[in-house]
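Here are a few notes to read with the structure open beside you. Take them one at a time and find each residue as you go.

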Amino acid sequence: MAFIECKNLSHVYNKGLENEYKALDGINLKIHKGEFVTILGTNGSGKSTLAKHFNALLQPTAGQCLVEGMDTGDEKHIWDIRGKVGMVFQNPDNQIIAAIVEDDVGFGPENIGMEPHEIRRRVTAALKAVNMEEFRHFAPHLLSGGQKQRIAIAGALAMNTECLVLDEPTAMLDPVGRQEVISTVQRLNQQQGITVINITHFMEEAALSDRVLVMKQGKLVLEGTLEDIRSRYGKSITDLYREVYADMAYMGQPYPGGMPAYGQPPVYGQPQQPYYNGMPQQPIPPVVPQQQVPPTVQPQQQTSSNSDSNSQPKQ
């Protein structure tokens with residue numbers, strides 16, 4: 001049995017209203033225990049909406065999302081599901097709520113009524129797992145972005161989570177912070193067998209995963225290992241990079257003629273932006289030198305009172 005399974009999963013925001021929007025459309029997928037899966041896609045393709053179904057933050061409009069056989073749409077399973085699937089968001093400051101690191105990591109276990117000695121044990125184990133035990137008495141605001149993100153991961157681990165869903169966890173980090181977070185996640189996956197679902201725009205992170213899922217306009221359009229995608233679809237990771245990022249400039253609209261050749265714009269029937277390495281490049285307007293116009297000296301006009309006084313002879 002798959003750890004997470006989606007069966008014809010669809011999600012509609014604001015159903016029945018004027019601004020109704022279908023974010024997911026008939027998603028079918030399976031994620032097995034211990035896998036490291038990367039989800040790629042343009043902004044607005046449904047990645048984050050799908051991730052929120054994995055730990056029951058959202059419920060399906062149609063279809064099912066199952067976690068170890070438990071339906072996320074069934075209210076009696078919600079807390080069990082959230083105990084198994086932890087979520088880490090893009091901005092760690094939105095998840096850190098305590099003034100001291102160890103208090104923040106222990107917030108989840110304390111909130112469900114766990115015994116104090118068990119909370120301490122879990123906090124210590126979680127901080128060790130992310131190499132942050134020496135910072136347990138620090139204030140979170142003194143930490144770097146990568147360290148904060150590792151604290152957020154530790155908070156999920158303290159709940160004995162079996163799966164980490166990471167929603168663009170490195171998007172706001174510098175290269176050092178990104179490396180800290182990804183190395184931590186890799187180690188948790190390889191050494192502790194934690195299932196990892198990583199949503200990202202970084203292709204080098206996708207290259208580290210067991211399997212890649214590519215989403216577009218609410219649909220799952222590509223799935224498999226990088227080798228599978230290369231053999232079945234004739235796409236390398238470079239092709240995926242170009243598709244994902246080139247598409248972002250056009251809000252996920254499909255190219256009628258397929259992806260453009262390297263360095264060429266997509267064919268939309270009108271001139272588009274040129275591309276370089278898959279990223280749209282804004283043309284730089286030429287610098288037009290401004291002509292230097294000599295300033296015009298306006299003669300000062302004397303007031304009538306002054307002119308009258310000047311015209312009269314002195315007595």
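1. A quick word on terms: a residue counts as buried when its relative accessible area is under 20%, as exposed when that value is over 50%, and as partly exposed in between. Keep in mind that what you're looking at is a predicted model.

2. Now try another cysteine. Is Cys-65 buried or exposed? Cys-65 is buried, because its relative accessible area is also 0%. Its closest cysteine sulfur belongs to Cys-6, and the two sulfur atoms are 4.0 Å apart, which is too far for a bond. A disulfide would need the sulfurs within 2.5 Å. The tally for the structure is 0 disulfides.

3. Have a look at helix α1, residues 47-54. Of its 8 residues, 6 are buried, so the helix is largely enclosed by the rest of the structure. The buried ones are Lys-47, Thr-49, Leu-50, Ala-51, His-53 and Phe-54. Just after α1 comes Ala-56, with a positive phi of about 65 degrees.

4. Next, the aromatic rings. How many aromatic pairs are there? The count is 1. The partners are Phe-135 and Phe-138, with ring centres 5.1 Å apart and planes at 70 degrees, so this is an edge-to-face pair. The cut-off behind that name is an angle over 60 degrees. Phe-135 is buried at 16% relative accessible area, whereas Phe-138 is partly exposed at 36%.

5. Arg-178 lies over the face of Phe-202, 3.6 Å from the ring centre. The charged end of Arg-82 is over the ring of Trp-79, at 5.3 Å from its centre.

6. Arg-82 turns up again in the largest pocket, where it is among the residues nearest the centre, together with Gly-108, Gly-155, Ala-156 and Met-159. The lining has 25 residues in total, and the volume of this pocket is about 820 Å³. Elements giving two or more residues to the lining are α2 (78-84), β6 (85-88), α3 (101-105), α4 (107-111) and α6 (145-157).

7. Which element gives the most to that lining? It's β6, with 4 residues. Sorted by class, the lining of the largest pocket has 13 nonpolar, 9 polar and 3 charged residues.

Methods:
Residues numbered from 1 in each chain as written. Predicted model: local features only at pLDDT ≥ 70, side-chain atom pairs only at ≥ 80, totals over all residues. Heavy atoms only, no water. 1 Å grid on protein atoms, 1.4 Å probe; cavity = no way out; pocket = protein on both sides within 12 Å on 5 of 7 lines; lining within 4 Å. Points joined across faces, edges and corners; volume = space filled by probe spheres on them. Nonpolar A, V, L, I, M, F, W, Y, C, P; charged D, E, K, R; others polar. Phe/Tyr/Trp six-rings, centres within 6.5 Å; stacked < 30°, edge-to-face > 60°. Buried < 20%, exposed > 50% of the residue type's maximum accessible area, 1.4 Å probe, protein only. Lys NZ or Arg CZ within 6 Å of the ring centre and 35° of its normal.
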